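Trainee: I would like to go through this structure with you, beginning with the side-chain packing. May I ask questions as we proceed?

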Amino acid sequence: MRYEDIIHLDHHESRSHPKMTMMNRAAQFAPFAALTGYDDHIYEAGRFTEDKRILGESDLINLDYKIQYIESIMDSHPLITILYFKEDDKKQGGMYITKTGNVRRIDSYLNTIEFMDRIKIKLDIIMDIQIEGFD
């Protein structure tokens, strides 16, 4: 038979090169991505964004009235729900986000409303405000 003289010999292990782990051996045969970033580009192209709705004059007056009301009851830290529009960083449009919480303060210098959890929202991106107990 062939190789009878060497088939039962111990496997040689190098003294100068450590044995490769199974993970590193498997990595040699991992698939190659010839188009780096292509999957990300496809995902981004398919991601949905919305256009920002333009508020009418009556909507803006109503929002201003609600903000003034919140300022008048600020000591009670009213519970409110805000609908606001967040611009997308990568493409035209954005998304509508709802935030509910107790108001900490309204900063007229920075033009923001701050919640008790320290999240701040710019007043000019607010689309609607619902105030707990306010009709």
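This is a predicted model: local features need pLDDT of at least 70, side-chain atom pairs count only at pLDDT 80 or more; totals for chains, interfaces and linings use all residues.

Trainee: How many aromatic pairs does a search of the whole structure find?

Mentor: The search finds 1 aromatic pair. Its members are Phe-85 and Tyr-96, with ring centres 5.0 Å apart and planes at 65°; an angle over 60 degrees counts as edge-to-face, so this pair is edge-to-face.

Trainee: Which parts does the pair tie together?

Mentor: Phe-85 belongs to strand S1 (residues 79–87) and Tyr-96 to strand S2 (residues 94–107), so the pair links parts that are 11 residues apart in sequence.

Trainee: Is Phe-85 buried or exposed?

Mentor: Phe-85 counts as buried, at 2% relative accessibility.

Trainee: Moving on, what lies over the face of Phe-115?

Mentor: Lys-99 does, at 5.0 Å from the ring centre.

Trainee: And which residues touch the most other members of the largest nonpolar core?

Mentor: That core has 19 residues, and those touching the most other members are Ile-70, Ile-80, Ile-82, Ile-106, Ile-113, Ile-126 and Ile-129. Two or more residues come from each of helix H3 (57–72), S1, S2, strand S3 (112–115) and strand S5 (126–131).

Trainee: What is Ile-80 in contact with, leaving aside neighbours within four places in sequence?

Mentor: Its contacts include Ile-70, Val-103, Ile-113 and Ile-129, and also Lys-99 and Phe-115.

Trainee: Where does Ile-54 lie?

Mentor: Ile-54 is in the loop between helix H2 (38–46) and H3. At 75% relative accessibility, Ile-54 counts as exposed.

Trainee: How far apart are Ile-54 and Ser-76 in space?

Mentor: They are 32 Å apart, C-alpha to C-alpha, and 22 residues apart in sequence.

Technical notes:
Residues are numbered from 1 along each chain as its sequence is written. Side-chain values use heavy atoms; hydrogens and water are left out. Rings of Phe, Tyr and Trp (its six-membered ring) pair if their centres lie within 6.5 Å; planes under 30 degrees apart count as stacked, over 60 as edge-to-face and the rest as tilted. Helices (H or I, at least four residues) and strands (E, at least two) are DSSP runs, numbered from the N terminus. Buried means under 20% relative accessible area, exposed over 50%, partly exposed in between (1.4 Å probe, protein chains only). A charge sits over a ring if NZ of Lys or CZ of Arg is within 6 Å of the ring centre and within 35 degrees of the ring normal. A nonpolar core is a set of buried Ala, Val, Leu, Ile, Met, Phe, Trp, Tyr and Cys residues joined through side-chain atoms within 4.5 Å. Contact means heavy atoms within 4.5 Å.
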